[in-house]
Amino acid sequence: MADSGERMAIPLSELSEFGPQLRSVKDYMNRTGDTFDQYNDSFGDERIVSALDDFVSGWKDGRGDISAQLEGLAEMADTVIQTVGDFENDLESSLSESGGDGGGGQQPV
């Protein structure tokens, strides 16, 4: 990639929405197992309820890992946004302190 002259562009406005979206998916996913409990009486046959309980139990075991990974990705997105924001603020301050003339802080004579 360095030899081709291509650069990676990160759409920060979209990335800033990514963390909250991932957390929303995680929250929704973590609520799904509890949804089935309210319908147990409607299933009738106890074997169906038992099979569904087995599925939900296995789902709860696996979704802990998925939940942690979603949160990790959300935190990474937040870190990128924060780091870029801090860099932009530092750059803006640096330019303001140097006069912002783009000439390396040199003053006209």
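**Entry 1: the kink.** I took the bend at a residue as the angle between axes fitted to the seven residues ending there and the seven starting there. With that in hand, I looked along helix 3 of this predicted model and found a kink of about 30°, centred on Arg63.

**Entry 2: the span of helix 3.** Helix 3 covers residues 46–97. I checked its length next: at 1.5 Å a residue, its 52 residues should span 76 Å, and the end C-alpha atoms are 74 Å apart, which agrees. Just after helix 3, I noted that Gly99 takes a positive phi of about 100°.

**Entry 3: the whole chain.** I stepped back for the overview. The protein chain has three helices and zero strands, running α-α-α from the N terminus on. Of its 109 residues, 14% are buried. I also looked up the contacts between residues at least 6 apart in sequence: 73% of them join residues at least 24 apart. The accessible surface comes to about 8,500 Å², and carbon and sulfur atoms account for 53% of that.

**Entry 4: the buried side of helix 3.** Which residues of helix 3 are buried? My list includes Val49, Leu52, Val56, Arg63, Ser67, Leu70 and Glu71. Beyond its neighbours within four places in sequence, Ser67 touches Lys26, Met29 and Asn30.

**Entry 5: salt bridges.** I found three salt bridges in the structure.
- Glu71 pairs with Arg23, with the closest N and O atoms 3.2 Å apart. This pair links distant parts of the chain, Glu71 being in helix 3 and Arg23 in helix 1, 48 residues apart.
- Arg23 also pairs with Asp78, at 2.8 Å between the closest N and O atoms. Here Arg23 in helix 1 and Asp78 in helix 3 are 55 residues apart.
- Lys26 pairs with Glu71, the closest N and O atoms being 3.0 Å apart. Lys26 in helix 1 and Glu71 in helix 3 are 45 residues apart.

Put together, Arg23, Lys26, Glu71 and Asp78 are linked in a network of salt bridges. Lys26 and Glu71 are both buried, Glu71 with a relative accessible area of 19%. Arg23 is partly exposed at 24%, and Asp78 is partly exposed at 32%.

**Entry 6: a surface patch.** Met8, Ile10 and Val80 make a nonpolar surface patch of about 280 Å². Ile10 sits in the segment before helix 1 and is partly exposed, with a relative accessible area of 43%.

Terms used. Residues numbered from 1 in each chain as written. Predicted model: local features only at pLDDT ≥ 70, side-chain atom pairs only at ≥ 80, totals over all residues. Heavy atoms only, no water. Helix = DSSP H or I, 4+ residues; strand = E, 2+ residues; numbered from the N terminus. Contact = heavy atoms within 4.5 Å. Expected span 1.5 Å × (residues − 1). Buried < 20%, exposed > 50% of the residue type's maximum accessible area, 1.4 Å probe, protein only. Patch = residues over 30% accessible without salt bridge, like charges linked within 9 Å, V, L, I, M, F, W, Y side chains within 5 Å. Areas by Shrake-Rupley, 256 points an atom, 1.4 Å probe, with all protein chains shown as cover. Salt bridge = Lys/Arg side-chain N within 4 Å of Asp/Glu carboxyl O.
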